[in-house]
Amino acid sequence: MQDDAAPRDRDDAAIARDAAEEASAFSHPPVDPDVTLAYGDHPDQVIDFYAPCDPDPEVLTPLVVVLHGGAWRAPYDRRHITPFADFLTRRGFAVANVEYRRGEATSPAAKGPAIPAQGGPAEPGRDDAASSGAGGTASGTPVAGRWPDTFDDVAAALDALPALVRTALPQADPLRIVVTGHSAGGHLALWAAARHLLPADAPWHTDRPAPLRGVVALAPIADFEVAEKLDVCGGASRQLLGGEATFAERLPYADPVRLLPTGIATTLVQGRTDIVVPQAVAESYADAAAKAGEVVGLTLLEDVGHFPLIDPAADACAVVAEEIAQLAW
């Protein structure tokens, strides 16, 4: 009886700790940007810009591009990560906080160059089949992401960024850009840095690596197959790619672990007690990078879960800022 109770107690304690960390991270009031500019016509195709606090007028400031998490699901927009963006400005960075289209796509019509089953439904009757046209799963949980809209938007935002930042933050240095992202946003950050490795028929493929100083991915969903085995965010990776019927064929277009080596300096920051995106996901990406001949930094934080990485009240957030600074300067 005692042996059965102990694991349950540990699980309950981990869940309670995660809930407390999430509550702390979400307790900060949203911070309004200095400037918001559009990179497309959809209401979600915008970037919020934050000027650095007390900048040196003689020195251009590194720019941190922030991609928020939330399992690529519609209820989680960029507002929840604005305190983190503000925290970075107080550390001397200029910040571009990117919004992008998430779940609940309204039209299955294909647009742009064809990629496998683009815009098509997943298996009929599956909860996750809704990601190509409906507003959520049978259980009522919003579906993760839109295929291909989520990827269209991140690619378009990064492509538009150099021109937009010249208008919004002329004090920012376009030659010192670091992309960071949390959780699902960590996936998007790794993916954005690897577009030159995408299959040639991908509409987001680029001919050369992005001009980035580096990527700092925070508890990223960096290996979709491992994430699915661990049921990360309720199968969000599978939903993002349209469901079981299209998951495997879309992996080469979306899964960062298959897009290595990038040639871009990359660091992963991961809490050891993260029960949302467990440590094994980041470790799998780092191992794959090593096998591809690329050294990826992996900073593991003791007694840290998923949300302290973006919580300005947590010590882990200062570690994240330092990792960004090491790549930015």
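The model is predicted: local features need pLDDT of at least 70, side-chain atom pairs count only at pLDDT 80 or more, and totals for chains, interfaces and linings use all residues. Residues are numbered from 1 along each chain as its sequence is written, and side-chain values use heavy atoms, leaving out hydrogens and water.

**The chain.** It has nine helices and eight strands. These are DSSP runs, numbered from the N terminus: helices are H or I with at least four residues, strands are E with at least two. Of the 329 residues, 55% are buried (under 20% relative accessible area; exposed is over 50%, partly exposed in between; 1.4 Å probe, protein chains only).

**Two helices.** H3 and H4 pack together.

| Helix | Residues | Residues in the contact |
|---|---|---|
| H3 | 149–168 | Thr150, Phe151, Val154, Ala155, Leu158 |
| H4 | 184–192 | His187, Leu188, Trp191, Ala192 |

Contact means heavy atoms within 4.5 Å. The residues of this contact divide into seven nonpolar, two polar and no charged. Ala, Val, Leu, Ile, Met, Phe, Trp, Tyr, Cys and Pro count as nonpolar, Asp, Glu, Lys and Arg as charged, and the others, Gly among them, as polar.

**A loop residue.** Phenylalanine 26 sits in the loop between helix H1 (2–25) and strand E1 (35–38). Is phenylalanine 26 buried, partly exposed or exposed? It counts as partly exposed, because its relative accessibility is 37%. Phenylalanine 26 touches His80 and Phe307, not counting residues up to four places away in sequence. Its C-alpha atom is 7.8 Å from that of aspartate 311, 285 residues apart along the chain.

Methods: Axes are lines fitted to C-alpha atoms, for helices over the stretch in contact, and angles run from 0 to 180 degrees between N-to-C directions.
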